[in-house]
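Here's a quick briefing to read alongside the 3D view. Get the viewer open and follow along.

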Amino acid sequence: ATCLPLVGYKCFFVVTGGFIVLIGFWVLTDLPIKHCADRPGNLRFRKDLWPYYVLNFFAGCRSAGIKAFVLLLLIRKHELLVHETAAILLIGNFCSLIGYRLIGYFANRYNPLKLVSLIYLAISLIFLGFFFLDSRSVLILLFFLDFLLFGASVVTDSHLKGVCRAKDIFGSVASGFALFHIGKTIFPLVGGILWIHFDQQA
């Protein structure tokens, strides 16, 4: 940690990020990935499942955005301390665990598609709150509520298994998972560039 001021944070993240990308390319080209999987197969994209892929991509963007930029906003503008940040993340993860159980429970009792619609309506309202509200306490509460709704994937994955052919499930879930991580990678990069140029207004 004492070396970071000497090399600069930007240089540190560029170098480490580039190193991780190189490792990723090496894994793709050199390791026998098909033999490592429980079932051999490729990513499968079906036109009729495009909402599932889109939701997974935006879920990745949301996951990265909440953990990166909302915390950055709380730290920079509202002067959140280190121990407060750690406590908020700990409570947020606990909320996420509770949310997964609650969403799974309601998915078994009610229409999954209507439940997903309600979840994403709530998420939209939470994001509007992040944009328009400025109270530190309210922003932290919204942060917890968003973590509580992270379990939307429980509903989408369960619905996929109900509408997808057995031979396509593995490839379709893998495709959604890949898009989730693509969104989780791209969004912080684009958001970070926008934040550098336009600050929190981005």
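Before we look at how helices pack, one definition: an axis is a line fitted to C-alpha atoms, for helices over the stretch in contact, and angles run from 0 to 180 degrees between N-to-C directions. This is a predicted model, where local features need pLDDT of at least 70, side-chain atom pairs count only at pLDDT 80 or more, and totals for chains, interfaces and linings use all residues. Residues are numbered from 1 along each chain as its sequence is written, and side-chain values use heavy atoms, with hydrogens and water left out.

**The big picture**

- The protein chain has nine helices and zero strands; helices (H or I, at least four residues) and strands (E, at least two) are DSSP runs, numbered from the N terminus.
- Read along the sequence, that gives the pattern α-α-α-α-α-α-α-α-α.
- Take the contacts (heavy atoms within 4.5 Å) between residues at least 6 apart in sequence: 79% of them join residues at least 24 apart.

**Helix α4**

- Helix α4 covers residues 50-78, and its 29 residues should span 42 Å at 1.5 Å a residue; the end C-alpha atoms are 39 Å apart, which agrees. The expected span is 1.5 Å times one less than the number of residues.
- There's a bend of about 35° in α4 at Gly-65, taken as the angle between axes fitted to the seven residues ending there and the seven starting there.
- Just after α4 comes Glu-79, with a positive phi of about 55°.

**Helix α5 and Ser-96**

- From first C-alpha to last, the 28 residues of α5 reach 41 Å, close to the expected 40 Å.
- Its buried residues include Gly-92, Cys-95, Ser-96 and Gly-99.
- An α-helix has 3.6 residues a turn, so residues three or four places apart point the same way.
- The buried residues of α5 pack against α4, α6, α7 and α8.
- Ser-96 sits in α5 (residues 82-109), and with a relative accessible area of 10% it counts as buried.
- Leaving out residues up to four places away in sequence, Ser-96 touches Phe-147 and Phe-150.

**How α6 packs**

- Helix α6 (residues 112-132) and helix α7 (residues 136-148) have axes 10 Å apart and pack at an angle of about 155°.
- α6 and α7 are therefore roughly antiparallel (over 145 degrees; under 35 is roughly parallel, 65 to 115 roughly perpendicular, and the rest oblique).
- Residues meeting here include Ile-123 and Phe-127 in α6, and Leu-139 and Phe-143 in α7.
- The axes of α6 and α8 come within 10 Å and cross at roughly 150°, which means α6 is roughly antiparallel to α8.
- Among the residues making that contact are Pro-112 and Tyr-120 of α6, along with Val-155 and His-159 of α8.

**Gly-176 in α9**

- Where is Gly-176? Look in helix α9, residues 166-198.
- Gly-176 is buried, with a relative accessible area of 0%.
- Gly-176 and Phe-57 are 119 residues apart in sequence, and their C-alpha atoms are 7.3 Å apart in space.
- Setting aside neighbours within four places in sequence, Gly-176 is in contact with Tyr-52, Tyr-53 and Asn-56.

Note on methods. Buried < 20%, exposed > 50% of the residue type's maximum accessible area, 1.4 Å probe, protein only.
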